[in-house]
Amino acid sequence: GSTQKEKKGKLTDKQAELQKLKAEAEALNKKIADLEKEVGASDTTAVLREKLVTAEALEPQGFKHYIDLQGTVTTDNQNYITPRGMGGQVEAVYVKDGDYVKKGQLVMKLDDGGLVQQIEQAKIQLSYLQDIYNRRKNLWDQKIGTEVELITAKNNVANQQKQIDLLNEQLGYTNVYAQTAGVAEAVTIRVGETFTPASAQQRGIYIVNSSNLKATVTIPENYLSKVRRGTPVIVEVPDINKTFNSTISLISQTIDANNRGFQAEAKIPQTPNLKPNQMAIVKLQDYAVANTIVVPMRTVQTDQNGKYVYVLGQEKGKNVALKKQVQVGEIYGEQIEVKAGLAAGDKLITQGYQGLYEGQLVTTAAK
């Protein structure tokens, strides 16, 4: 086979031949264009060869450039309900999938483990100790007995009341309440199962509130200097064919080491059929200008001198195509900003510009 050096030499020869052919083609095209212009100027039948084009007058307009990224619809108000204490065996579940749940609503009852009976016994004991204290106080009022006996009886009553309060608090832990309002998205816990803080995400009640939605997106770190809080964004949700205008409300303070990006959020309003975890297209505005010339990107062509377009001009009372070199700026979608080379009022040829040459006769209406 050929050596690496021979292959490299052949590639260099082909590149040189390609550049030579390109130069010859440019020279030939220029010669053809010049001859066509001369013939068109002297041929009295040239009017028959006017090329039909479409031209549009240019006016300054606003132009914006966006960074298009894929994001997700999320909400802060989604959580798993958890017990306030250590949990226990489930005695009753009061909600089912799809139910609307109010904040503080009782959603589950756990086994009390005999706490009710303990509280009843403690209350009986409290009544007994209260009776002793009343007797000691009556005797003390009659100057009978000692102060130590009175204080001991009083302390016994107070300690017993604290014990009852503690038991009542533990009993309250058997009632499981919703921490936030929302819809019971998933109810996976069943009567007889054990419900604890550790198992709440595997078997429990998942509450979702879609009243505080936002679009979350990961932005590559090379855009860090272009994005800040307040940056305008457009959020598109293709599944429901909805578009929202918003601004960046939160930017994370760290760069993810795995994807080399940072998190940003933009709030969006509650809308029917808009659900958390839906896919969203997040367009971050990183460039905007109020008044500039904007043209369709397809009309911009390239030659050895750079970018150019064709505009409608006049020569000897006839419509001709004029070639204008332009300096372009940002591109977004099918539009491109022209920073120099065109002015308001210029008539840009938007249809029929292919194959035009400088000074070619054109018409904007069928003859």
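Predicted model: local features only at pLDDT ≥ 70, side-chain atom pairs only at ≥ 80, totals over all residues.
**Entry 1**

I followed the two strands next. Strand β9 covers residues 182–187 and strand β11 covers residues 205–208, and four bridges join them. The two run antiparallel. I then asked which sheet they belong to, and found an open one of four strands, in the order β4-β11-β9-β6, with antiparallel pairing. At its edges stand β4 (78–80) and β6 (100–101); each has a single partner strand, so one side of each has no neighbour in the sheet.

**Entry 1: stepping back to the whole chain**

I counted elements here: the protein chain has three helices and 22 strands. Its radius of gyration is 41 Å, while the globule rule gives 21 Å for 367 residues, so the chain is more spread out than a compact globule. I also checked the box filled by the C-alpha atoms, which is roughly 140 × 65 × 40 Å along the principal axes.

How much of the chain is buried? I found that 34% of the 367 residues count as buried. The chain exposes about 22,700 Å², and carbon and sulfur atoms supply 50% of that area. For contacts with a separation of 6 or more, I noted that 72% are between residues 24 or more positions apart.

**Entry 2: a nonpolar patch**

On the surface I came across a nonpolar patch formed by Tyr 94, Leu 106 and Tyr 177. Together they have about 260 Å² of accessible area.

**Entry 3: two positive phi values**

Most residues other than glycine have a negative phi, so I went looking for exceptions. Asn 273 is one of them, with a positive phi of about 70°. I found Asn 273 in the loop between β15 (261–268) and β16 (279–296). Is Asn 273 buried or exposed? With 56% relative accessibility, Asn 273 counts as exposed.

Lys 316 also has a positive phi, near 55°, and is not a glycine. Lys 316 sits in the loop between β18 (306–315) and β19 (318–332). I noted a relative accessible area of 85% for Lys 316, which is exposed.

Definitions and conventions: Residues numbered from 1 in each chain as written. Heavy atoms only, no water. Patch = residues over 30% accessible without salt bridge, like charges linked within 9 Å, V, L, I, M, F, W, Y side chains within 5 Å. Areas by Shrake-Rupley, 256 points an atom, 1.4 Å probe, with all protein chains shown as cover. Salt bridge = Lys/Arg side-chain N within 4 Å of Asp/Glu carboxyl O. Pairing = 2+ DSSP bridges. Rg over C-alpha atoms; globule rule 2.2 N^0.38 Å. Buried < 20%, exposed > 50% of the residue type's maximum accessible area, 1.4 Å probe, protein only. Contact = heavy atoms within 4.5 Å.
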